[in-house]
Amino acid sequence: AAGAPPAASVTGESRLSAHTRSRSTGRRALCAGDKRVLRVPYHNKADGFTAALVLALNQVKYCERHGCRPVVDWGPFPACKYAGVRFPGRTPFFDPAVGANAFEYYFRPVCAGAAAAAPLPRAAPTLTCEEREAIHRQEEWAVRTYYYGATDPRPPPGRNESDLYDDGWYSRHRREGHRLAHRYLKLQPHLATKLAALESELLGRPRGATRGSRGGGALLGVHLRGSDKGKYLASAASGRPVPPKEYEPLVESFLRTHRNGTVFVATDSPSFLAEVRARWLARWPASAFRWRDVLRAEENVAFSRGGKGSRSSNARKGEEVLLDALLLSRCDYLLHSASGVAEFAIYWNLKLHRRSVHLQYTRNRQPPPWGKGEDAVERSTAVERSDSELRLGG
């Protein structure tokens, strides 16, 4: 998970200078062939898909600042492990039948062209486990999906999770997450094709279409993060699981405001989906709701064994998380708790920052972005809209 306990080093000392002059750079300069390569491995077997993406993007940003060329290389074994654990385990999304680099199951290389074609040097340096953890948790320039950094908002006394939504904090991290995702995460063509088909089938909206193109019907994305959320409250900081019944008043408000609206539900939890079926479909027409038939497990499908969660489905596990996040990004509004999936949906559609409600927090929670205040929301997102859509293909 994004806030998992610190890892112990199994890679040795980094051969990169930690004191190179910091500087920003564009993609072309970042990928110059004469730069020293930084290999970006899968960090820890306990990292879920979006946590691994955040760690990778922050190392890409490290290279922007320190003049190296990043090569994201998710092989069969993670680079790091928990302190006290004998073996680092396996990369949860790796499938040898699909390819040698799990990152490239989903995305094109960060540095394309001649730089991507060059073989990865056998001795290409990596950051140490401690250096990656320091970036992840301590560096103020790093992107985070919720409050697990050393300088992030802290819980009130006597509590192990914050109850305050800090709009300034989320705005900063989402804008930078948007920049990094827009610049460096380019979908593989087969996934771009699959996404376009799902968007038309599930959301009733071809790629690039607007709300008005589907007869005025608005789309509400609902992300219900369940499974192991809350299991590691002392370290992960993602907070307690927020059940469907706490979303229900906002779903009711949305459907009352948009009577021909559609609700797209994305969840990793079989019990949360069962609750949606039992409660929401008893209150509203089933035709108002959409969800996908995906791998789900209460113990977190990324790390489950056997059946549908077996290693033969490893590549599919990552694909389904990614497609859920991208489909949520295509919605007009978003309801969510603290989760990397929801944050990546916002990175891929920055206008959702002002068109979402974060249900993890009870203090300073955003009001519903539809209805009477919608004109103000539209004005507040005007500056974001021109740069809010990820160019998925290139």
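Hi everyone, let me start with a term: a cavity here is a set of points, on a 1 Å grid over the protein atoms alone, where a 1.4 Å probe fits but cannot get out. Its volume is the space filled by probe spheres set on those points, which are joined across faces, edges and corners. By that rule, this structure holds 2 cavities of 30 Å³ or more.

A word on the source: this is a predicted model, where local features need pLDDT of at least 70, side-chain atom pairs count only at pLDDT 80 or more, and totals for chains, interfaces and linings use all residues. Residues are numbered from 1 along each chain as its sequence is written, and side-chain values use heavy atoms, with hydrogens and water left out.

Now, the second largest cavity has about 40 Å³ of space. Its lining residues, those with an atom within 4 Å of a point, include Val 40, Tyr 42, Leu 55 and Trp 74. Which helix gives the most to that lining? That is H2, with 4 residues; H2 spans 49–66, and helices are DSSP runs of H or I, at least four residues.

Key:
1 Å grid on protein atoms, 1.4 Å probe; cavity = no way out; pocket = protein on both sides within 12 Å on 5 of 7 lines; lining within 4 Å. Helix = DSSP H or I, 4+ residues; strand = E, 2+ residues; numbered from the N terminus.
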